[in-house]
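Please read it alongside the sequence and structure shown here.

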Amino acid sequence: MKMTIIERKKRAVEAEISETPDFPKEIFFDLTSCCNHACVFCANPLIKNKITMKPDKVKRLLKEAYDCGVRDLGLYATGESFLVNKLPEYIKFAKGIGYEYLFITTNGALATPIRAKQALDAGLDSIKFSISAGTRETYAKIHQKDDFDKVIENLKWVSRYRDESQLSYRIYVTMVYTDKTKDEVELLKDIVMPYIDEWDPHSLNNQCGNMHENNELMEINANDPRGRGKRNICFQPFQGFTITPEGYMSACVLDYSKDLIVADLNKTSMLEAWNNETYRSFRRRHIEGNLKDSICFNCVNNKNEPVVPLMPEYAQHFKSIDILDITK
């Protein structure tokens, strides 16, 4: 279903708030936890034991998710999916099964004409470029790679190819801005707007509780985390889930530290996992506002308190870093 970014966000925050909501129509599929960039505000560089999901597991889980009722699929979460050589094959496979909407967010450095064409021809429905600066110099400090010009050229090519191929995919750009880059928001907008359908800038967050040190880059408002909406409850545990590269089910798309694993899909079915006691109890805590000791407490309140993982055997905690040293 091809909706605008605003429409998709509206649908997300209107998710059914219940201990046992209906099985989701949309999920995220994290093909890899590897990334070719090391953005200063992102927890990805801190992930231990980065892996890419095996092809047989990808296809098994894609088929299972579809059979459970999933129709919209985000092929990314904590990593850069254009690092996955079989990405076009997986897109084609998912479309062949019957998935209706496949979307991806990428830093764009690897979305070259050759790789992007393969993914778009395979059936990708939308591509969002994440570009977190408006100049080459600032971009190199934020992304830790001097790829600004390359990314802009890749974006322009994706736009031209849509005209040439007459494919109907949508093109977006998002920008995470900090105190150091907020003055470049309009600059980047002017650069990218001729080539995209929607512009989606947003201020820095604490990476859903994983990066309290982001407060060194910008004042992050407590009680204003991602996607809570007017009901003051995060939609993610109710609206869907993320499948990690290991084959785990996580309640959050930004679960870098694996604190929100609710099931191991190598051992149990998705339907059983969606309704298991771990997930039901976690949703109940959100409904009751009883998030103390969970990483969600740190997300909601912009804190850095000790965390008790939902399933400790799967947690992969990491040490914080001094990001001010990087951005000087």
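Predicted model: local features only at pLDDT ≥ 70, side-chain atom pairs only at ≥ 80, totals over all residues.

## T242 and its surroundings

T242 is buried, its relative accessible area being 4%. The residue belongs to strand β7, which spans residues 242–243. Leaving aside neighbours within four places in sequence, T242 is in contact with F28, D30 and A77, and also with Y248, M249, S250, C252 and V253. K86 lies 156 residues from T242 along the chain, and the C-alpha atoms of these two residues are separated by 19 Å.

## The nine-stranded sheet

Strand β7 takes its place in an open sheet of nine strands, whose order is β6-β5-β4-β3-β2-β1-β7-β8-β9 and whose pairing is mixed. The edges are formed by β6 (198–203) and β9 (261–264), each of which pairs on one side only. As a general point, the strands of a sheet pair through backbone hydrogen bonds, either parallel or antiparallel.

Several of the pairings can be followed in detail.

## S130 in strand β4

S130 lies in strand β4, which is made up of residues 126–130. With a relative accessible area of 18%, S130 counts as buried, because the cut-off for that class is under 20%. Not counting residues up to four places away in sequence, S130 touches T105, T106 and N107, together with H143 and T174.

## Helices α6 and α7

Helix α7 lies across β5 (170–177) and β6, and runs at about 160° to β6. Helix α7 (residues 185–192) also packs with helix α6 (residues 148–165): the two axes come within 11 Å and cross at roughly 40°.

The contact is made by F148, I152 and L155 on the α6 side, which meet L188, I191 and V192 in α7. By residue class, this contact of α6 with α7 divides into six nonpolar residues, with no polar and no charged ones.

## Cysteines without disulfides

How many disulfides does a search of the whole structure find? The search finds zero. A disulfide is a covalent bond between the sulfur atoms of two cysteines. For C252, the closest cysteine sulfur is that of C208, at 3.9 Å, which is too far for a bond, because a disulfide requires a pair of sulfur atoms within 2.5 Å. C252, one of the residues in contact with T242, is itself buried, with a relative accessible area of 9%.

C296 is likewise in no disulfide, since the nearest cysteine sulfur, belonging to C299, is 6.6 Å away. C296 is also buried, with a relative accessible area of 10%.

Terms used. Residues numbered from 1 in each chain as written. Heavy atoms only, no water. Axes fitted to C-alpha atoms, helices over the stretch in contact; angles between N-to-C directions. Helix = DSSP H or I, 4+ residues; strand = E, 2+ residues; numbered from the N terminus. Contact = heavy atoms within 4.5 Å. Nonpolar A, V, L, I, M, F, W, Y, C, P; charged D, E, K, R; others polar. Buried < 20%, exposed > 50% of the residue type's maximum accessible area, 1.4 Å probe, protein only. Pairing = 2+ DSSP bridges.
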